[in-house]
Amino acid sequence: MGDNPHLLLGRIRFLNKCIDAFRKSEPLPECLCYVPKEVCYKICKDSSSGSSASSSGASAGGPNMGKTLVSVFEGPHQSPSSKKASKYNIKLKKGTCIRTTGEEYCNSQGLWVKINKEQLDEHRSGQELEEGWILVCKHTEGGDRLVPVESPETVSRQQQLFGYDHKPCSRWDQVVDVENALYIGSKLKMAECDEAAVQKLRYVPPTWTYECDEDLVHYFYDHVKKEDEKLNSVKECVTSIDVSTCLDAPNVGASCLTDGDIATYWESDDMQGQHWIRLRMKKGSVVNKLILTVDSTDGGFMPKRVTVYGGEADNLKKLSDVTIDDNLIGDVCVLEDMTSHLPVIEIRIEECRDEGMDIRIRGLKIKSSCERDLGLNADVFQSSNLVRFPRLQGTSPDVLYRRMLVVQRFMSLLDNVLAHLVPAWDYSLGTFNQIKTIKQFLLLSKCRSALITQCLKDSETIKPNSMPQLYINRRLAMEHRDNPSLDPSCKNAVFNQVYEGLKPSDKLEKMLDYRWPGCYDQWWECKFIAEGIIDQGGGFRDSLADMSEELCPSSAECPMPLPFFTRTSNQGALEARDYYVPNPSCKEFHKYKWIGQLMGAALRGKDFLVLALPGLVWKQLTGEAVSWNRDFPAVDSVLVNLLEAMENMDKATFEFRFGEELVYSTPLTDGQMVELIPGGSNVAVCYEDRSEFIRLVQKARMEESKQQIAAMQAGLLKVVPQAVLDLLTWQELEKKVCGDPEITVEALKRLTRYEDLEQSDVRVQYFWEALSNFTNEDRSRFLRFVTGRSRLPAPIYVYPDKQDSETTDALPQSSTCGSTLYLPNYPSAKVYEEKLRYAVYNCVAIDTDMSPWEE
């Protein structure tokens with residue numbers, strides 16, 4: 001597409017048409033589903049294969065010497081290894097072509113193409129098949145394959161009709177541009193399309209809805225993530241690994257890149273910007289994904305920007321340029337979707353975090369093989385794989401496969417123009433509103449992550465010259481939490497103590513803008529009154545956790561310490577967690593705005609503001625559409641069911657159940673009664689008007705927190721550019737602000753480092769056995785006890801305690817500033833479980849948040 005504005009604008013217009021068709025569950029435009037009527041193939045010999053066997057058939061001997069046999073099957077679901085499954089073979093002479101349709105089908109066997117009766121008759125007249133299928137390329141076995149080429153006859157015919165230089169459009173993306181871009185003069189000609197194949201791609205099942213498309217995207221996204229976890233051993237596709245330099249110390253060499261242990265790492269010993277890892281790839285291997293494992297707790301050793309070059313050793317070309325999130329602990333993909341073998345791949349670390357000199361890389365993984373990446377595989381859509389997506393289970397796997405093909409085409413176009421659609425930071429009011437209606441599709445975008453990173457970086461400000469110091473009295477806050485009625489102003493709550501403490505002391509002092517670089521990970525310093533603490537991050541994280549607990553208490557039994565949120569009607573219900581919504585009666589919009597700013601700061605940084613809000617709220621914050629039937633059941637499922645029953649009940653049942661008692665008023669989530677029409681509390685609802693009553697109730701309830709959410713969004717947008725909210729789904733925003741609510745033992749192990757302890761130590765084994773018996777809530781409390789955070793990700797450092805002798809009396813100790821746990825030497829896993837559980841629930845105050853090694 002380049003910089004051609006005609007093509008760019010044409011694609012944007014076309015994408016709007018596609019989005020409209022997706023939303024209405026209508027057939028998509030024909031040009032998006034374009035399939036050429038004719039494609040010519042010829043045999044391509046595999047020079048790396050010692051055998052002359054073809055992926056489609058076998059070379060013929062005897063009188064057929066010099067010919068290749070191509071097997072024809074009735075359908076693409078048959079086994080190509082079974083000779084009985086093949087209807088017959090086509091004998092291809094050396095250098096000749098075979099004509100097929102452009103319709104393709106990819107499954108676990110490989111890539112198939114359809115051949116019609118007319119094309120079959122060219123090779124075997126009088127055969128009975130109306131159509132057949134040819135396997136042009138297998139996934140795994142290598143060997144010869146059929147490749148698409150220009151047929152000499154076709155080229156000659158086109159030159160006679162359209163001129164010597166004419167070359168018609170035969171790819172779907174070219175057809176999209178021809179049909180939608182504005183041209184001066186005549187348009188390019190298009191190769192004739194295969195109408196039947198186009199209609200297959202355009203087909204929409206009668207019961208299909210946009211929600212089915214969303215489910216399909218989520219299913220495929222989850223499948224891709226699982227596939228990414230099945231990474232090959234580096235040794236299977238790499239002959240050698242070289243590094244620029246290596247620190248002269250044990251356990252920091254290049255071998256640590258592939259030992260599978262995240263506790264070890266390769267550390268360089270050279271000048272900044274001169275670090276590299278060079279991979280010499282085995283012949284025939286093609287890289288699907290190249291992944292580095294990094295750890296943000298490495299500080300200045302953390303790589304910040306990485307480029308990847310590949311090709312012949314003396315002619316390397318740049319393939320990718322990746323900026324790594326400063327807060328990442330885990331894997332980052334630095335190269336993907338290569339289509340050919342690269343003899344040498346060189347990973348260059350261009351920049352370190354905090355302008356560091358040397359770098360640490362904790363692992364290297366490759367998803368690569370000698371197989372060809374043939375694209376989407378129809379076999380992943382079998383009904384048995386769709387248990388979590390009941391809306392998809394009744395649909396044919398072939399229909400789901402073709403629908404996903406079209407979605408991928410749509411996403412390919414969207415990725416081409418996405419950078420032109422998101423607003424700049426300085427113009428955040430103008431946005432591409434259509435994106436909001438297909439937000440869930442963005443999960444499949446390949447360029448979105450880089451755009452989000454760039455938008456956040458472009459909107460950064462410099463960190464403050466000095467950190468605000470706050471004095472917090474948690475004893476008074478605890479008393480207020482136990483009995484909020486004693487302090488109606490809530491001034492003793494940690495939330496309000498922090499809010500008041502951050503107010504500028506004079507007119508010249510600026511409010512915090514929370515748009516600092518991600519490495520600035522402490523927004524204020526806490527001094528807890530009557531608690532011994534030197535706040536190096538642990539006190540700050542504790543204050544955030546206390547504020548989260550006050551805003552949305554984790555227990556449904558305790559009173560609400562603050563008025564900003566109110567519990568939904570679904571407390572304890574199976575269909576929804578214990579959610580909260582902004583309180584419709586609370587008009588302290590300046591504090592809602594500050595809550596939004598804190599959410600934005602959490603999104604930018606490493607820490608979390610854990611708010612148990614339903615999708616209805618998160619969707620409005622990201623600008624996604626909300627609906628009564630999809631989103632409100634998480635707030636009040638009883639009301640949703642009641643209104644549905646009311647809509648469908650007959651007159652006698654309606655009058656029996658409601659009589660004259662049903663009036664035009666409704667209670668909001670906070671219990672406040674509002675009139676739906678002027679004087680509505682005195683106007684009875686009659687049977688004939690029940691639909692209007694239902695509409696008014698739905699409108700009142702869906703908009704009950706509209707002002708409060710708007711204030712939160714305004715605060716969020718002061719910290720995070722509109723473009724970022726446009727590019728994130730509501731689920732992603734929730735996870736970035738609140739962290740991951742599920743805390744598994746496996747996830748904790750990945751984030752844990754040991755000092756003066758071996759992973760095989762019996763104390764460590766007992767410790768993990770104890771945590772495996774914890775509930776998710778127990779593990780959240782444990783995380784809070786050690787790190788000050790209640791959600792992942794959070795690094796943990798485990799040391800042996802000062803008294804190395806066996807004990808059953810001492811409690812575990814922690815330092816939240818250093819995210820450190822000091823592990824006593826208990827005699828059994830059961831004792832570890834008892835002592836740890838007691839400590840995480842009862843040792844809240846930071847009495848001496850210092851190292852036990854100090855006297």
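Leaving aside its neighbours within four places in sequence, which residues is Ser543 in contact with? They are Val494, Trp524, Cys526 and Phe528. Keep in mind as you look around that this is a predicted model.

Ser543 is found in helix H12. Is Ser543 buried or exposed? Its relative accessibility is 0%, and buried means under 20%, so Ser543 counts as buried. Its side chain also reaches the backbone oxygen of Phe540, at 2.5 Å.

**Helix H11**

One of the contacts of Ser543 is Val494, and Val494 is among the buried residues of H11. This helix covers residues 494-501, and six of its eight residues are buried, so H11 is largely enclosed by the rest of the structure. Besides Val494, the buried residues include Phe495, Asn496, Gln497, Val498 and Tyr499.

**Gln765**

Now hop over to Gln765, which sits in helix H23 (residues 762-772). At 42% relative accessibility, Gln765 lies between the 20% and 50% cut-offs, so it counts as partly exposed. If you skip the neighbours within four places in sequence, Gln765 is in contact with Gln759 and Ser760. The side chain of Gln765 reaches the backbone oxygen of Gln759 at 2.6 Å. Gln765 and Ala829 are 64 residues apart along the chain, yet their C-alpha atoms are separated by 8.0 Å.

Here are the two side-chain reaches together:

| Side chain | Backbone oxygen | Distance |
|---|---|---|
| Ser543 | Phe540 | 2.5 Å |
| Gln765 | Gln759 | 2.6 Å |

Last stop: helix H14 (residues 615-622) and helix H19 (residues 706-719). Two packed helices are described by the angle between their axes and the distance between the axes. For H14 and H19, the angle is about 50° and the axes are 9 Å apart. That makes H14 oblique to H19. The crossing of H14 past H19 is right-handed.

Which residues meet there? From H14 come Val617, Gln620 and Leu621, and they meet Ile709, Met712 and Gln713 of H19. Sorted by class, this contact has four nonpolar and two polar residues, with no charged ones.

Technical notes
Residues numbered from 1 in each chain as written. Predicted model: local features only at pLDDT ≥ 70, side-chain atom pairs only at ≥ 80, totals over all residues. Heavy atoms only, no water. Axes fitted to C-alpha atoms, helices over the stretch in contact; angles between N-to-C directions. Helix = DSSP H or I, 4+ residues; strand = E, 2+ residues; numbered from the N terminus. Parallel < 35°, antiparallel > 145°, perpendicular 65-115°, else oblique. Left-handed = near helix turned anticlockwise from the far one by under 90°. Contact = heavy atoms within 4.5 Å. Nonpolar A, V, L, I, M, F, W, Y, C, P; charged D, E, K, R; others polar. Buried < 20%, exposed > 50% of the residue type's maximum accessible area, 1.4 Å probe, protein only. Polar contact = N/O pair within 3.5 Å; in protein donor to acceptor, adjacent residues only side chain to side chain.
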